[in-house]
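Me: I am new to this one and would like a short tour. Could we look at it together?

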Amino acid sequence: MKDTQLYQQILGLTDPWFVKDVELKIGEQRVDISVEHRPDATFHCPVCDRACGVYDHADERVWRHLDSCQLKTFLHARVPRVGCSEHGIRNAKLPWAQTRSRFTLLMERMIIDVILRCSTITGACQIMRVTWDEAFGVMQRGVMRGQERKEATVVKQIGVDEKAFRKGHSYMTIVCDLERSTVEHVADDRKAESLAGYYAALTPAQRLGIEAVAMDMWEPYVQATTAALPLAASRIVFDRFHIMKKMNEAVNKVRLGEHRELSALGIDTLKGTKHWWLYAEENLPERHTESFAELKADNLRTSRAWAIKETLRKLWHYGSETWATKFFTRWFGWAKRSRLTPVKQVADMIKSRLQNVVSYCTLRVTNGVAEGLNSKIMSIKRKCCGFRNPDNFKNAIYFHCGGLDLYPR
Ligand SMILES: [Zn+2]
């Protein structure tokens, strides 16, 4: 078998395309394959797919293909241009590559697979022997294809979360599909507009189909949701983990204050106990159980704050909003009489938005999925060695977490 025939088979080229020439350059570790078409062939308009005659040829282009026996393999061809009566002169569709890509379809698929599985982009680049920019181009095109192919299906449960892009400042808003665990939207900042952009891009049917929106108690998100969704008030659920986090912070503040006072008197009862108070009671490691029980029995303010916090957790066990509200009313009275300012503040915060806290009893959603995606996003950030450009970061998030069909066809 001649080398041209061999590559014709390997590349899977069919009429009118054939391999004209194969040049092996061992010194450069590469194979160059020249591809041509029958002169009388007709091609298809890339827009309407109509069969057209060849108008002329564009300059020669080169595509990188999968390596053959460790040798970098390149395909050379002059792309025929067709004259479509409707769309004018256009580059014909090629069977081995998509427009604008410098890689053949198989190579691009392979790069996508390797990036998805490698823990760093640099690693993927080394394996595939491509540059960082090339790898990013592949990711970008993959995301673009995926988003074009994505159908306007209804996402019933969404989670909205903020993510610090650089430490301390510069936030991003992330909207995810809580059922599929995918990122649906990434936007700059954490303002009302950040979320409004997501809602605005949906069809009316998609907006109507949203049954639950899990989020932190963050006013701009509430505003954007209220403005965009009908019956938003009954669809927003403030994330229970976020509320409990606030409650834990309150317990910690009480402990800090009390510890300072006791230390001044030379009593170090609370020293080194920070985490004991923050555990959910059943999660406290067994080795601390006894000491913690003794500590709780002391008449401490921290102990009271802790008991109020632990009791609040029952709120999310109720099956009906009415019962949950009744429970909360009792709990609220207790919290308010506690004379513990941080605790009272959290109690007020919950009360001001109680409807969107007890809505959990009906809708049963939390942002747990979003938190999981969050850690995946953090690993993407590490994988790409930190992003200077937020658009590249967004793109990488969609690439890895968007649930998109990335492959060229
Ligand atoms: Zn056409």
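This is a predicted model: local features need pLDDT of at least 70, side-chain atom pairs count only at pLDDT 80 or more; totals for chains, interfaces and linings use all residues.

Me: How are the rings of W63 and W96 set against each other?

Reply: Their centres lie 5.4 Å apart and their planes stand at 85°, so the pair is edge-to-face.

Me: And which parts of the chain does that pair tie together?

Reply: W63 belongs to strand β5 (residues 54–68), while W96 is in the loop between β7 and α2, so the pair ties together parts that are 33 residues apart in sequence.

Me: Which residues are in the ring cluster with them?

Reply: The cluster consists of W17, F43, W63 and W96, linked by ring pairs. In the whole structure there are 11 aromatic pairs. One of them joins W17 to W96, with ring centres 4.8 Å apart and planes at 85°, so this pair is edge-to-face. W17 lies in strand β1 (residues 17–25) and W96 in the loop between β7 (88–91) and α2 (105–117), so parts 79 residues apart in sequence are tied together.

Me: Is W17 buried or exposed?

Reply: W17 is buried, and so is W96.

Me: Changing topic: what holds the zinc ion?

Reply: Its protein donors are C45 (SG), C48 (SG), C84 (SG) and H87 (ND1), at 2.1 to 2.3 Å from the ion. In sequence, these residues follow the spacing C-x2-C-x35-C-x2-H.

Me: What geometry does the zinc site have?

Reply: The site is tetrahedral, with angles of 104 to 115° among the four donor atoms.

Me: Where do charged ends sit over rings?

Reply: The charged end of K326 sits over the ring of W323, 4.4 Å from the ring centre. Likewise, the charged end of K351 sits over the ring of F332, at 5.1 Å from its centre.

Me: Last topic: how many cavities of 30 Å³ or more are there?

Reply: A search of the whole structure finds one. The largest cavity holds about 50 Å³ of space.

Me: Which elements line the largest cavity?

Reply: Those giving two or more residues to the lining are β8 (157–166), β9 (169–177) and α16 (368–383). The largest share, four residues, comes from α16. Among the lining residues are D161, K163, C176, L373 and I377.

How values were computed
Residues are numbered from 1 along each chain as its sequence is written. Side-chain values use heavy atoms; hydrogens and water are left out. Rings of Phe, Tyr and Trp (its six-membered ring) pair if their centres lie within 6.5 Å; planes under 30 degrees apart count as stacked, over 60 as edge-to-face and the rest as tilted. Buried means under 20% relative accessible area, exposed over 50%, partly exposed in between (1.4 Å probe, protein chains only). A charge sits over a ring if NZ of Lys or CZ of Arg is within 6 Å of the ring centre and within 35 degrees of the ring normal. Donors are N, O and S atoms within 2.8 Å of the metal (3.2 Å for Na, K and Ca); water is not among the atoms, so sites may look incomplete. Four donors count as tetrahedral if all angles lie between 85 and 135 degrees; four count as square planar and six as octahedral if opposite donors are over 155 degrees apart and all others between 65 and 115; anything else is irregular. On a 1 Å grid over the protein atoms alone, a cavity is a set of points where a 1.4 Å probe fits but cannot get out, and a pocket is an open set with protein on both sides within 12 Å along at least five of seven lines; lining residues have an atom within 4 Å of a point. Grid points are joined across faces, edges and corners, and a volume is the space filled by probe spheres set on the points.
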